[in-house]
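Please keep the model in view while reading.

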Amino acid sequence: NSSELSPSFLLASIPGLEAAQAWLAIPLCSAYVLALLGNCAVLLVVRAEPSLHAPMYLLLCMLATIDLALATATVPRILCFYWFGSREIGFGACLLQMFLIHALSAAESSVLLAMAVDRYVAICHPLRHAAILTNGTTAKVGLLAMARGVLFFLPLPLLLLPLPFCGSRALSHSFCLHQDVMNLACANTTPSVVYGLTAILLVMGLDAVLICLSYLLILKAVLRLAAWRERLKVFSTCIAHICVVLAFYVPLIGLSVVHRFGKDLAPLVHIIMGNVYILVPAVLNPIIYGVRTKQIQRRIL
């Protein structure tokens, strides 16, 4: 009875490669270190360079901070499992990790939407850009993004808290996700299913639609320009943001598809997709902006 009230879960191991997990953790650790170095470099460069104290770069700092927090909430625990065999994770620790993953992902989605709005205002209303998007407004956007993530996804662990877990305790990922934990409950999970789907649609789904709408308006404004060279020059300012949006939403959609339709897929696919979702944005975002932003390049050099 006590194990049902306060269960622990088993993180997913790499099937057939349990003996080699210590070696397979090295690329994972390398990617995590690269994410730490890249995102910390972005934060230090923006802090040290007064000319970068502008809304676009402040939003980039928020993105880097969220990526650092998201990777740190998951990867060290995965490495403890792969290197030291600590496969079991407590119920409370699992719910906390699950909440952090979903809340931080929602905050990152909100920041990406704010960056899309920044590009829209800069291209379609350049004379009003400085007045609309001030540093104070940008700071409020960051606070709103975090508050939105917390308010929408705090009910997820609270809905799982009273449920009994009396069957299998093996997760399909090396960390805790809402749908993964929910599927192990031996009770009616309909409220949790409905709320989880609603929260994702109202946050990530709505943000994706608004980002697409922003780029449709940007594309419409760019096509009004007479010269092709001028069109390419203006639209090239959006390339980095488009790449970052794809690096976030493609793994998110892939992971959702695997959970929804991939029940018959090999467990290795679930583990790989989960790790890609956690690490790919954190690794790629600073590289993308480092390559595309000359100010950041010069300061790093």
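Which residue does a disulfide join to Cys94? In this predicted model, the partner is Cys176, with an S to S distance of 2.0 Å. The link is left-handed, with -120° about the S-S bond. Cys94 belongs to helix α5, whereas Cys176 sits in the loop between α8 (155-160) and α9 (178-182), so that distant parts of the chain, 82 residues apart, are linked. Cys94 is buried at a relative accessible area of 0%, and Cys176 is likewise buried at 0%.

The count comes to 2 disulfides. Cys166 is joined to Cys186, also with S to S 2.0 Å, and this link is right-handed, at 140° about the S-S bond. Cys166 lies in the loop between α8 and α9, and Cys186 in the loop between α9 and α10 (190-223). Cys166 is partly exposed at 46% relative accessibility, as is Cys186 at 35%. In sequence order, the bonded cysteines pair 1-3, 2-4. Cys29 is in no disulfide; its nearest cysteine sulfur, that of Cys80, is 11 Å away.

The unreviewed UniProt entry annotates residues 20-45 and 57-84, among others, as "transmembrane region". Residues 20-45 are 96% helix, with end C-alpha atoms 38 Å apart; residues 57-84 are 93% helix, with end C-alpha atoms 39 Å apart.

The largest nonpolar core holds 80 residues, of which Phe9 and Leu112 touch the most other members. Helix α5 (residues 91-124) supplies the largest share of this core, 15 residues. Beyond its neighbours within four places in sequence, Leu112 is in contact with residues including Leu63, Ile211, His241 and Phe248.

Terms used:
Residues are numbered from 1 along each chain as its sequence is written. This is a predicted model: local features need pLDDT of at least 70, side-chain atom pairs count only at pLDDT 80 or more; totals for chains, interfaces and linings use all residues. Side-chain values use heavy atoms; hydrogens and water are left out. A nonpolar core is a set of buried Ala, Val, Leu, Ile, Met, Phe, Trp, Tyr and Cys residues joined through side-chain atoms within 4.5 Å. Buried means under 20% relative accessible area, exposed over 50%, partly exposed in between (1.4 Å probe, protein chains only). Helices (H or I, at least four residues) and strands (E, at least two) are DSSP runs, numbered from the N terminus. Contact means heavy atoms within 4.5 Å. UniProt positions are given in the numbering used here, feature names are shortened, and annotations may be inferred rather than shown by experiment. A disulfide is a pair of cysteine sulfur atoms within 2.5 Å.
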